[in-house]
Amino acid sequence: MAAEETYPDDLKYHREHDWARVEGDEAVLGITWFAQDSLGELVHYEPPAKGAQIEHEAAYGEVESVKAVSAVISPLSGEVVAVNEKVVGEPETVNEDPYGEGWLIRIRMRDASEADDLLDADAYRSFLAEQ
Amino acid sequence: MQTLLRTPLHDRHVALGARLVPFAGWEMPVQYEGVIAEHRAVRSDCGVFDVSHMGELEVEGPRAKELLQGLLSNDLERIGPGRAQYTLLTNERGGIIDDLIVYALEPTRYLLVVNASNREPAYAWLKEREIRGSEVSDRSSEYGLLAVQGPGALERLGLPPADAFTWSMGEIDGVEVMVNRTGYTGEEGCELMTMAEDAAALWDRVLARGARPCGLGARDTLRLEVCYPLHGNDITPETDAISAGLGFACALDKEFTGVEELRRTKAEGPARKLLPFVMEEQAIPRQGMAIAEGGEVTSGSLSPMLDVGIGLGYVVAEHAARGSALTIDVRGRPRRARVVSKPIYKREEPA
């Protein structure tokens, strides 16, 4: 069952339709409702390796629907400390719960100040409205 | 910027909340609820597709058959009125200008249903070669076309069973239709042709009879599971019928454009062949990906029935045998696949 359109206020957003939940020196990353809706039902998630270094604004993984492939862009740089194996096995989890069970990776941030440049929910909603 | 054409059912698609995308110059529904659910509806019961974007060309006259015999690969002598045939419009190199279905309407009148993307080149090719006593006309805007497909399709429509590749006139709840026993899904079913102004009424009646609306996304995954080639992906003016495994649609004992090339390719054996394959690792093949053993993917997707990546691609003859191991370059990652026999998906018959 697809989720309703939401953009939680406690998350930070990137214009490439990614979100970050900052928790101390770590952050959980995923794709927004808008991203999963644009792609359609996800059928494949190609995650980075645990321990990999990911870079701000660079691709760290791929998500695929039946019709499309999309690189997942990281809003922050850091080291991958966990990959959501549930999404590897059941990619549709992202459609069902993009901000909860459908998270993609957890990282240890290298430069927490990068989070300051991300959009808050209101700014991301305004950005979407302009598209 | 080009304005997109709309089928007579555009309002219906919008009302159903379809996701509309540009396709071959048309604004078409790619999905309503979701590709996978629509795909499974067709495999398990009945789905309906708006395929009114496809072209309808008519060739009429005492020499209509003679004209078509020289331009189409299959043999029209094998069919008479009431029957239809899968055939290819070929160029001098034996390349495929379009793959199409020709319907024998009358001994002197034929209907060609062509791909939307090839309607103009196919029409131009035929029109330029008209001979006295044959007339080619593009009737595409006059008709609406619905594909109703699935094991429950005929029963839901109240139609009797009939042989594949036959047609007859009929009626669905008061709407006059040409019932064509053809399709692009590998399932039972039919394609209903009606006047454009009646298409919306026909759509409503077909939905009322329980068919699920399906978009082009499911149409593509359905055809790929049963290895029907898609023109523009798997077959093109640069690829020939023999390499594409479409020799069954080529009457090499008659004369038609490009037949010498096709005879030669058949005699020598094609250097590469269009083959179905199934991924053996988690990955989805896509059009344009390289095959390391020599070749290229021309269509790829996830199979909604098998839940694995599947595809069609041209592979060098040395690696073309069923069971051959292939390596697909998935954006820099080598992923294992294996050549399988057609179709990739086949329903398990109840014991």
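This is a predicted model: local features need pLDDT of at least 70, side-chain atom pairs count only at pLDDT 80 or more; totals for chains, interfaces and linings use all residues.
Start by selecting Phe165(B), which is partly exposed, with 32% relative accessible area. To place the residue, look at the loop between α5 (153–157) and β10 (167–172) of chain B, where Phe165(B) sits. Then check its backbone: phi of Phe165(B) is near 60°, a positive value in a residue that is not glycine.

Next, select Cys227(B). Its phi is also positive, at about 65°, and Cys227(B) is not a glycine either. Is Cys227(B) buried or exposed? Its relative accessibility is 6%, so it counts as buried, the cut-off being under 20%.

Now colour chain B by domain. Domain 1 takes in 10–52 + 142–225, and domain 2 takes in 271–339.

Zoom in on the boundary between them. On the domain 1 side of chain B, eight residues make contact, and they meet eleven residues of domain 2 of chain B. The area buried between domain 1 and domain 2 of chain B is about 780 Å², and carbon and sulfur atoms account for 71% of it. Which residues of domain 1 of chain B lose the most area to domain 2 of chain B? Select Arg40(B), Leu224(B) and Glu225(B): together they give 57% of what the domain 1 side buries.

Switch to a cartoon and pick out α2 (35–44) and α7 (216–225) of chain B; each supplies at least two residues of the domain 1 side that touches domain 2 of chain B. Colour that side of domain 1 of chain B by residue class, and it shows two nonpolar, two polar and four charged residues.

For the last stop, go to the segment after β19 (333–339) of chain B and select Pro343(B), which lies there. Is the peptide bond from Lys342(B) to Pro343(B) cis or trans? The bond is cis, with omega near -10°.

Technical notes
Residues are numbered from 1 along each chain as its sequence is written. Chains are lettered from A and ligands numbered from 1 in the order in which they are written. Side-chain values use heavy atoms; hydrogens and water are left out. Domain bounds come from an automatic or database domain assignment. Contact means heavy atoms within 4.5 Å. Buried area is the accessible area (1.4 Å probe) that two parts lose on being put together, summed over both. Helices (H or I, at least four residues) and strands (E, at least two) are DSSP runs, numbered from the N terminus. Ala, Val, Leu, Ile, Met, Phe, Trp, Tyr, Cys and Pro count as nonpolar, Asp, Glu, Lys and Arg as charged, and the others, Gly among them, as polar. Buried means under 20% relative accessible area, exposed over 50%, partly exposed in between (1.4 Å probe, protein chains only).
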